[in-house]
Amino acid sequence: MAPDTRTISLTVNGQPHVAQVEPRRLLVDFLREDLGLPGTHIGCEHGVCGTCTVLLNGASIRSCITLAVQADGASIDTVEGLAQGGELHPLQDEFSEKQGLQCGYCTPGMLMRAREILAENPDPSPDQVREAIASNLCRCTGYQFIIEAVISAAARMRATKEGVAP
Amino acid sequence: MTTANQATPGAPPVRDHSASRRWVGQSIRRVEDPKFLLGRGGYIADRITPGTLHAAVLRSPFAHARIGRIETAAALAVPGVHAVITGREAAELCDPMPDFGPDPAKHTWRCLAAEKVRYVGEGVAVVVADSRYLAEDALELIEVEYEPLPPVTDPERALAAGSPLVHEALESNCAYERSFDFGEVERDFAEADVVIKDRLRWHRSGGQPLETVGAIAEYDQGTGSFTIDTNTLSFTSYLFMAAGTLKVPVNKLDIRPVPAGGSFGSKLFANKPAVIAGMCARKTGRRVAYLEDRSDNIANCDHHGSDRVYDVELAMMRDGTMRSLKIDVVDDYGAYIQFGVGHHGNALAQVVGPYTIGSVRYRVRAALTNKNQQGAYRGFGSEVNNWMLEQMVDKAARELGLDPVAIRRMNFIRDFPHFIPTGNVYDSGDYERVLDHALELARYDHWRAEQQRLREQEGRHVGIGVITAQERSVFSATEFWFWFDEPGAPVTSTPESVSLKVDATGGITAVLYSCAFWGNSPETMVAQLVAEEFDCSPYDVSIVYHGSRDGLPATGPGGSRTTVMLAGAVEGASAKIKEKARRAAAHLLEIGPDDLEWADGGFRVRGDPERKKTLGEIAIMLHLFKHSFPEDMESGLDASKVFDHPYTTMPSADRKDLGVFYPFVGHACHVPVVEVDIETGAVTFLNYAAVHDCGTLVNPRSLAGHIVGGTAQGIGTALYEEFVYDEDGQLLSSSFMDYLIPTAMEVPELTIGHVETPSPYTPHGIKGGGEGGRMMAPAAINAAVNDALAPLGVRLTELPMTPERILAALRAAGHAG
Amino acid sequence: MKPPPFAYAAPDTLEEAVGLLTEHAEAEPRVLAGGQSLIPLMNFRLAKPGYLVDLRNVAGLSGIRRDGDVLVIGAMTRLAEVERSPEVAVAAPLVTEAVGLVAHAPVRNCGTVGGSLAHADPAAELPAVALALDADLVAAGPGGTRVIPAAEFFTGPYSTALAADEILTEIRLPVWPGGHAFTEFSRVHANFAVVAVAALVELDGDGDGDRIRRVALALAGVAPTPVRATAAERALAGAPADAATIRAAADAAATSLSPAGDLHASPETRRGLARTYLRRGIELAVARARNER
C-alpha cells in the first residue's frame, strides 16, 4: 500500500518547487534528499542543536522538527542560497577570514541564524551576538571566532548596505 | 630509568627554517573552507545515491540480559524491507570487532550482540530498507525475548567479589590490573615531611560531535571486495583486523575517508558502522548506508571518555618540594575494552606534570561494567591525570600554607630534555615563561584584589584557578603493549605517509593516507608545509585523501600527532622530489648538481642566479621529454615518504622504564576566574586566560581555534557533560536534552597567548597542540571553584561539578543550599 | 530518528479540525500547532499519533488583543510574536519575560502559546504564567466551547483537562501591568527550567512602609503540574514588602514542596532552588513595582 502523500508548493532559495511528500517527511530530509540540497545538516533530530537551521519566511527554524508539509506555501532559505553569482556572502567570507569554522558541520545552520540575527539588528555587540547564537551548538570552535566573524560581516554589510533582509 | 635509553635518543637532526619561513607560522585562511561554506562539504550523509538502502539498528532496552528468541517475520514482511539480520546471524557473517584489549577472546565484542546484551543501547538486530523511515518502522515489529540479568554499574563494586559478571568467560570484571613502580617510591615517601592524600572522581563525558558516525558500503560479488565510504579512518596498517571481521582478505577491503563533522577522538578507528553497513551490503547485494542517529550514537558510540576513581598520595617536603606520587586508579571501561588501558599510557607520558617529582607508583585496574565502552576523547586519558595532579598540588598548597603559584614555580622542570620517572621524555619547554605570560594576560594580581574586595564587600564567592600542565603529542606504538611483560605483538610502527606529485605544469598534488579531515585542518597544514618547501601558494596545492587498500601505511589523527607527522612526511617526500629535480636541473643546465641551490621555486646556479630552472620547467621535461635525461632517470616527478615516529625507545624488560613513547611535550597554563552562586550551584566565568606552548606553530589562528574549542569541551567536562547511568544501567542522559553541551553562553571569551619553545626533534620544531584546551580546562575550572569555596570549607573532588554536587557539598559543610 | 507514519489533515476551519478529532478518535489523533514539542517526541517514537490535525490553516486562532482588563491571545499565536508584542509588554509583562525564556528564538519562531499550554510540561514557563494570572483557557469541542480556569487545566505531567477531541483556541489573561518577575534556573542557557517562578505583586503605600496588597506566585518544575504557592501568598498579602518577610514566605513555601528528583537535581536541591527563586522573584517583582510607581 503506497503511503499517503501531499502536494506542497514552496520556494527554496528563490526557486519554486512543487512536490509530493509523505506527511511524516521531515523538512530537513526533503531539502537534503528530495531537492538535492545537502548543505543543511542533521545533528540531533530533536530540536536542540540547531545544526539543521534554515530560514522560513525569514525566520530561523529547526528543520529536523518541522514536517515538510508545514512548509507548504513558505519561502525557505538554505546555505546554498547565500553565495550569489560565485561570490561568497560577507558572512561566509568572514567565517573563513576569522576561522569561524573547523569541521564545518554546524556552519550552514550558524550562517542562516546569523543572517536572521543581522536582519533584526544590523549592529549587534559581541555580547548580543553571543547570546543570539546560543541557539546553535558548535562543538569545534568554542564560539569565539564565530562571534568575531559575525561582527566583521555585520560591519561589511552595513558599509556596503547590501540589503540585510533575508 | 636506564642509562642506555637516555644516552641514545635516536632522534634525527631537524631542519630549521625559522629565519626564512614564508608560510609556516602564517594564520592563512584554511584551504578547506570554501566547500564547507557553500554547503558542499561532502559528509557521509551527503553521499547517498539513488537506490542506496538504509540500515537501522534495534537496540537493547536492558543493561544486562540474555537474548532469547528474536521474531523477525513481521519486520521482513514490511514492503521496502530487504533484510533483517539478528546478532546471532551477524556472528556467522562476521567475526568479532577489532579489539586491542588485553584478552579479546574473553571479552568478545561483536557488531551486534549475539547471546547477551551488556549495555543499554547495544544493538541486537539490523534492518535494511528503502529508507531510514521504513527501516525504523520495521524495527518496531521485531520481537526480542530478553531474560534480564542483574546489572553492575559501579566500577568498584564491579571489582568486588560476587558482582554480576559482564563477561563470564573472563571470570572477573577486572580486565587488567597492574602496579608499576618508577623510581624509589618507598624511599621518597619515607623521606617526605608530609603526605597529601585524596580521593577523586572523574565521570565519563564524550566527544559527541554534531555529526555521528556513518558508513556507506558496497560489496562486489565479482571480486569479493568491499568498498566502504566512512567518516572514520585510522591505523590503516591495522585494518586487516576490520577486514578479518568482514571475513575478507585485507586487500579486498577499501575504506575511503570522507570529511567528518567533528570527532574529538570519537571517530578514531570507529569501524562498527562500517562493518554493519558492509555486512548488510553483502547480504542484500546492494549499496547500504548505515548512518547513526543521535540516539544510536549517545548510547552506543563506543567512545565514552575516561571514568575514574583515584586514590592518590603526594609526598611533599614542608618547603613545598614535591617528591613522589602513589596513584591508585580504577577506570570504568564499560562492557568492552577495545583500546586496552592505552588511556593510562597517555597518563604515564606526563604523569608528574611539569614538576621534578622523582618517583611514581601507578596502579591501574580496568573494571568492566554494563555501560557503553570507552574509546577516545580529546586527551585520551592524560587530561584526567592533569586534573588529578593539579588537584593534589592545590591541596598540598593549602595544607602547607603555600601560595598555589609559588608551589608550582618552585617545582618546575627547567632543564631539557628531561626524562620523567616513567622513562618518557619532555623534549623542550619553558614553563616559567608560560606561567608568567599567563598571569600577566589574566591580570592575576588585579583579580586577586577583586576576589578579596567582592568577598568582603558583597559576600560573593569568586575563585581563581592557576594550573600548569602538560600536553604530550605524537604517541609511539610501544604504549599499546608495554602493559604486558610478554606482549603478543610488541609493535613499533606508527607511521604517517604523504605522496607528492608534481605534474607537467608544475602543480603539486599531495596525497594523504588515513588522514581524516575531522575539523583539524590537514589540508591547510599540508598546503602550508608544501608551500614552504616549494615556494608556491598553499591554495595552489591540491590535496587528495586516499583510501586504505592501495594506500601507504598511515595512522591518522590522534594524540595530537597529525601536524608533526605530516610535517615529517612532507619534508621527506619534498627532499626526494628536490633531489631528483636537482639532478634533472643539473642535467638541463649542464652543471654539477652540487653547484645548484634551491631558491624561489626552482634550482639556480650558485653565483649565477640567472641560470635557473623553475620546478615547472623541470617537471615538464621530466614528464614529456624522457630522452633529454640519462637512462637511469625515470619519467615523472613524484615521491612518497613513509615517516615513522622519529623518537621512540623500547621499554626495559622489567618495565621500570617504559622508554620514550610520547616525546614532544607541550605545556600550558590556564587561569580562569569564576563566581559560584552558593544558592544555586551555578558557576559563571568572570575571566579566562590561557597560554599554550606547542612549539613552532604552523597556523597560529588555527591552533588558537583548537584551544578555544578544546577549552569549551573542557568546560563541558568540568560543569555540564556526563553520561549518567542509574543503578539499573539505564542511560539517563540519552539525548541532548539531558547530555548538556555548552552553548555560546557557557563559554567565556578567552584571552589566548602563545609561547613557542621548538622541539629539537621535529620538522620546524612543531609539537602537537590540538588536544591542549581540553587537557587543561577541567583542572583549571575545578581549581577555580575550589578557590571560591575554600573560605566555606568546601572542596569539590568530583567532575562534573554540577549544581547538585556543589550544593550537596555546601549542605554537607553546613551551608544551606 | 524518523517519525512513524500518520494520517494528516490541515483543515481550514475550527469546526473541521474538531470534527476530524472526533471522527478519527480510534487513531489517537493529536493536534499539531508549532510542533516544537510534539515532533521531537514523534522523532523519538515516544508519541505515535495515528492522525495529525494541523491547525496552520485555521483562521481566527492567532492574534493578540486587549479586551478591557483581559489580554486575549489566540492559541496559534507564535511565541515570537508574543515576545515582541508591545500590548503584552504593557498588559502583562510577566508573559513577555516568561516567553523570552522559552527555549531559543528559533523555537519561539514556530512554537505557539496554545501548544506550550496544551503540552503541559511540568517545567514549562507558560503554564506557570497562566496559573499565576488565573487565566482562563478556552477550548472548542464537538459540544461547543467551554472555559477552563488555569487552576483546573493542568492535571498531571503532560496532561490537561482537554478532552481528546477538544482544541485550545485562546487564553484569556487578566492584566497585571507591573510588579512582575519571571525567573528560572536552567543548567545551560535557554535549556529546560529545573525550577521556575512566576511572581506578581501589587503594592500599597509608599517608600519603606509599603505593603503587599496583592500577590500571586506560581512555580514550575517542583510538582507534576505548575503550582500556586498559596500559603506564601496568604502570608505575604497585607504584609510589609521587606526582605525578612519575603524570605520567610519563600522558606515556608519551599519547605511545603515535595518535588521529584532526576539526573539534574535532587528533591532537596529543587526545594532549595524554589526557595531561592521565590525569594529572588518576589524581591524583583517588588523592586519593579516600586520603580513603576
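Strand β5 (residues 70-74) of chain C and β10(C) pair in the antiparallel sense, with five bridges between them. Strands here, like helices, are DSSP runs (H or I over at least four residues for helices, E over at least two for strands), numbered from the N terminus, and two strands count as paired if DSSP finds at least two bridges between them. Leu71(C) stands opposite Leu173(C) of β10(C). Strand β6 (residues 136-141) of chain C is also joined to β10(C), again antiparallel and by five bridges; in this pairing Ala140(C) faces Ile167(C) of β10(C).

How many of the eight residues of β10 (residues 167-174) of chain C are buried? Six are, and the strand is mostly covered. A residue is called buried if 20 or more other C-beta atoms lie within 10 Å of its own, exposed if 12 or fewer do, and partly exposed in between, with the C-beta atoms placed from the backbone.

## About the model

Please keep in mind that this is a predicted model: local features need pLDDT of at least 70 and side-chain atom pairs count only at pLDDT 80 or more, while totals for chains, interfaces and linings use all residues. Residues are numbered from 1 along each chain as its sequence is written, and chains are lettered from A and ligands numbered from 1 in the order in which they are written.

## The four-stranded sheet of chain C

Chain C also has an open sheet of four strands in the order β11-β12-β13-β14, with antiparallel pairing. At its edges are β11 (180-186) and β14 (227-228) of chain C, each pairing on one side only. Inside the sheet, β12 (residues 193-204) and β13 (residues 211-220) of chain C share nine bridges in the antiparallel sense, and Ala199(C) has Leu217(C) of β13(C) as its bridge partner.

Two helices pack on this sheet. Helix α8 (residues 125-132) of chain C touches β11, β12, β13 and β14 of chain C, and its direction makes about 150° with that of β13(C). Helix α12(C) touches β11, β12 and β13 of chain C, at about 35° to the direction of β12(C). These angles run from 0 to 180 degrees between N-to-C directions, and the axes are lines fitted to C-alpha atoms, for helices over the stretch in contact.

## Where chain C meets chain B

The contact between these chains takes in 17 residues of chain C and 24 residues of chain B; two residues are in contact if their C-beta atoms, placed from the backbone, lie within 7 Å. Which helix gives the most to the side of chain C that touches chain B? Helix α12 (residues 267-291) of chain C does, with four residues. That side of chain C, facing chain B, divides into nine nonpolar, six polar and two charged residues. Here Ala, Val, Leu, Ile, Met, Phe, Trp, Tyr, Cys and Pro count as nonpolar, Asp, Glu, Lys and Arg as charged, and the others, Gly among them, as polar.

Helix α5 (residues 132-139) of chain B has eight of its eight residues buried, so it is largely enclosed by the rest of the structure. Its buried residues include Arg132(B), Glu136(B) and Asp137(B). The buried residues of α5(B) pack against β1 (53-59), α3 (73-76), β3 (81-86) and β5 (123-129) of chain B.

The largest nonpolar core holds 420 residues, and Ala55(B), Val127(B), Ala277(B) and Cys280(B) touch the most other members. Such a core is a set of buried Ala, Val, Leu, Ile, Met, Phe, Trp, Tyr and Cys residues joined through C-beta atoms within 7 Å. Leaving out residues up to four places away in sequence, Cys280(B) touches Ala55(B), Ala83(B), Ile85(B), Val126(B), Val128(B), Val288(B) and Tyr290(B).

## Domains of chains A and B

Chain A is divided into domain 1 (6-81) and domain 2 (90-160), with bounds that come from an automatic or database domain assignment. Their centres, taken over C-alpha atoms, are 21 Å apart. In chain A, 15 residues of domain 1 are in contact with 13 residues of domain 2. On the domain 1 side of this contact in chain A, β3(A) has the largest share, three residues.

The assignment for chain B gives domain 1 (44-149 + 213-291), domain 2 (308-478 + 652-812) and domain 3 (495-643). Between the centres of domain 2 and domain 3 of chain B, taken over C-alpha atoms, the separation is 40 Å. Their contact takes 19 residues from domain 2 of chain B and 16 residues from domain 3 of chain B.
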